[in-house]
Amino acid sequence: MEHGLRWFISNSLRRQGHLGRTCRCFCRLTRNITTCRQTARFWLSHLPGNVYRPQSERHCHNDFSELLQLEAVRKYIDDLKDEYKEIRNRLNCIESREEDGKLLSRRHVRLAPLASVLEELQSSEKDLFELESMYNSLKARDDQELIPLVLEEQQQLNKSIAVLRGKLLQTLVQKEKHDESNVILEVTAGRTTGGDICQQFTREIFSMYKHFAGFKDWNFEVLNYTPSDYGGLHHASAYISGENVYRFLKYEGGTHRVQRIPEMGLSSRMQRIHTGTMTVIVLPHIDEVGTKVNTNDLRIDTFRAKGAGGQHVNTTDSAVRIVHIPTSLTVECQQHRSQLENRKLAMRILEAKLYQQVGTRAQSERIRTYNFTQDRVTDHRINYVVRDIKELLSGGRQLNELINKLLESAENEAVLELIETRNR
Amino acid sequence: MWWKVFSACRVYLAPCFRVKSHYHCRSEDTGFLGAVAFLNALSRNPCRFIHDKMTGINCVTYWQKIFEENGISEPQQSSEHIISHVLGGKTIHNLTEEALSRSLTTEQKQMIWNLCSKRLHHMPVQYVIEEWDFCALTLKIKPPVFIPRPETEELVSLVVSELAEEEDVLFSVENAGWQNSHRAARPLFLEIGCGSGAIVLSLLHFFKQSYAVAVDKSAEAVNLTRQNAERLCVQHRLQALQLNVISDFQKLTRICGSVDVIVSNPPYVFHEDMSGLMPEILRYEDCDALDGGTDGLKIIKAILQLAPTVLKDRGKVFLEVDPRHPEMIQNWLQACTGLQLTYRATHRDICGKLRFCELQRS
């Protein structure tokens, strides 16, 4: 059965058009189907995730349907549909000049996915409507055999419609420029009066992101790891590479607050709760040619031998520190044994830091509070509460859900904003 | 009881290690032999170190203190590299927290003890763990073959960037001079004094279509280069030969044919500076890989005299040299009439010292 399912999944990915209509098993899977890699491990890891899917789908179903019921949104979608038809006609009929043709075809490409999703959604809704009428007629005839089948079919269709609505929303929202980039993640412990709760907390958060990267099948390369006393972490940074890393991690940047009773120090004996903070910085690594840093602005520090260096010296110190003089931005790297590799890595990080697009306001914004004594985490941007801190810190499904919620609400807001600006 | 033995041993060893007198290459001091014997005796019986419960992190700090007390250079890095190597990581930053806080097994502790004892004799870390990284490669390193230096990595990136720029000129098939050569589109490198093969293997790794000839005076170096080539699966593009650039001049010209680039990190230490080198270098590395004669130019001059005969037209020579050499080489070239070689440029290394010379066959 598993083998058949796997074959089926790989086939249906090739036939993306039949998203809403194909097998029930397929419909059970995640709505992010087109953005996923074709690895068996990924699919298998999602199959047991059924338990959470219906809940989150139900939740997002509510959000999206509410959104889609808004008059303005409907009008916007209809406008886009008309635009698409118009463009298609024009491209077919008129052999326009180069300039026009290019612009039109670009817009055509942009709107094509939207149009296809809309079509599928409409046909699914039509199917649902037909099913309803069939159900009514069956009920009238009181046919016990076919009614449960029809009900089941209805349920499946509802779910697929929810998935399609989600897709529709995603296509409406313009993809942010750096969504697909890899990311440099930095964590820094803040200050507190409660012993070393910040450092311990920083270590837990860093390992949470490490496990999350594993969960999402991303590559997690530690660039810098500076521990503090008693096993805490002072600051660390990592290079996370994979698919759409920035899209998922961009809302993690900011100040995370922790409330717990410290294990060391005076306060631990008194069992008093202390508050501490730690900062997470998420930088997209933009790999564009032409954004190279001027080497004259850099000061590169490496191990310097007294005297002639070169053959005169034997050293294993390959640490590199690069200082960008105009901005006094400093990057250190001692990840590799080869000095050249350390230098390349440090340059990569420096470039990312210099061209970061993240607003500075986000750094001081308190985005999330982790209360260990009450065992809950509150995200202040969407007022979402998560129980079971341990599960969240393990960087698995709970964190994934939280991030998906953030993405949803951000996308909703983006759509509304888009419509508002259009109507103005 | 073993602790007492160990501390007694340390008291005995300490004066030996602190002696600052120079040693000739590969000669042993009796005090040292005694120390070695002592350590050997100790390692034959598991001492308290091996029986005590230790984690990776504890080990690093423990051995770092020992290295510091015994005047070993770069105590922290030495300790970290050796212990990471035993635990399977390249650097301590490649190891997870769990790996470092796990209790070490007896075998691991024994291995750490053995390796750190070697380091206590001022053996370079690269020889202790028998490998090192160079550019994007990991190479096997064995004494007395010369250990690649960080500056030499820059030599490789210099060659790469120069060739990439000149690709149109140097390797285009349209160029009349090479239409006869069946290797027109593939660069041929010649490295003189290959040592462990660092430079030539990095170039072969980067230029996937290239070929290379690597020569070295020492048989051990040639063998090590061949070994590393096999590990990196480029042995079919490399010819490694044991030849002396000074005495086997004729043979070399016959074998090489027409070469696009000559690259070398020749011995360039002035003879008078040899005795002032670190014990790590003097006691373990091949002196012939370092000593460049009175003015450090003995091998360099030989390479430059060889160059016009083996280089193709407009072929280049890239050398790593002592900071005093660029000027000396330019003066010597001016005096040497008839040598078809032009001095093109001097490049600085990351510490700002004049390190690399670029010449071209005119």
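In this predicted model, helix α7 of chain B runs over residues 106-120. The 15 residues of α7(B) reach 21 Å from the first C-alpha to the last, close to the 21 Å expected at 1.5 Å a residue. Just after α7(B), B:H122 takes a positive phi of about 65 degrees.

Buried positions of α7(B) include B:K109, B:I112, B:W113, B:C116 and B:R119; B:L115, B:S117 and B:L120 are also buried. An α-helix has 3.6 residues a turn, so residues three or four places apart point the same way.

B:I112 is among the residues with the most contacts inside the largest nonpolar core, which has 61 residues. Beyond four places in sequence, B:I112 is in contact with B:F49, B:C59, B:W63, B:I83, B:V86 and B:L104. A second, separate core is also present, as the table shows.

| Nonpolar core | Size | Residues, among them |
|---|---|---|
| Second, separate | 36 residues | A:V258, A:V280, A:I403, A:L407 |

In chain A, A:T315 lies in the loop between β6 (298-301) and β7 (320-324). Is A:T315 buried or exposed? Its relative accessibility is 10%, under the 20% cut-off, so A:T315 counts as buried. The side chain of A:T315 reaches the backbone nitrogen of A:D317 at 3.0 Å. Apart from neighbours within four places in sequence, A:T315 is in contact with A:F303 and, in chain B, with B:E74, B:Q126 and B:P150.

Definitions and conventions. Residues are numbered from 1 along each chain as its sequence is written. Chains are lettered from A and ligands numbered from 1 in the order in which they are written. This is a predicted model: local features need pLDDT of at least 70, side-chain atom pairs count only at pLDDT 80 or more; totals for chains, interfaces and linings use all residues. Side-chain values use heavy atoms; hydrogens and water are left out. Helices (H or I, at least four residues) and strands (E, at least two) are DSSP runs, numbered from the N terminus. The expected span of a helix is 1.5 Å times one less than its number of residues. Buried means under 20% relative accessible area, exposed over 50%, partly exposed in between (1.4 Å probe, protein chains only). A polar contact is a pair of N or O atoms within 3.5 Å; within protein, one must be able to donate a hydrogen and the other to accept it, and residues adjacent in sequence count only if both atoms are side-chain atoms. Contact means heavy atoms within 4.5 Å. A nonpolar core is a set of buried Ala, Val, Leu, Ile, Met, Phe, Trp, Tyr and Cys residues joined through side-chain atoms within 4.5 Å.
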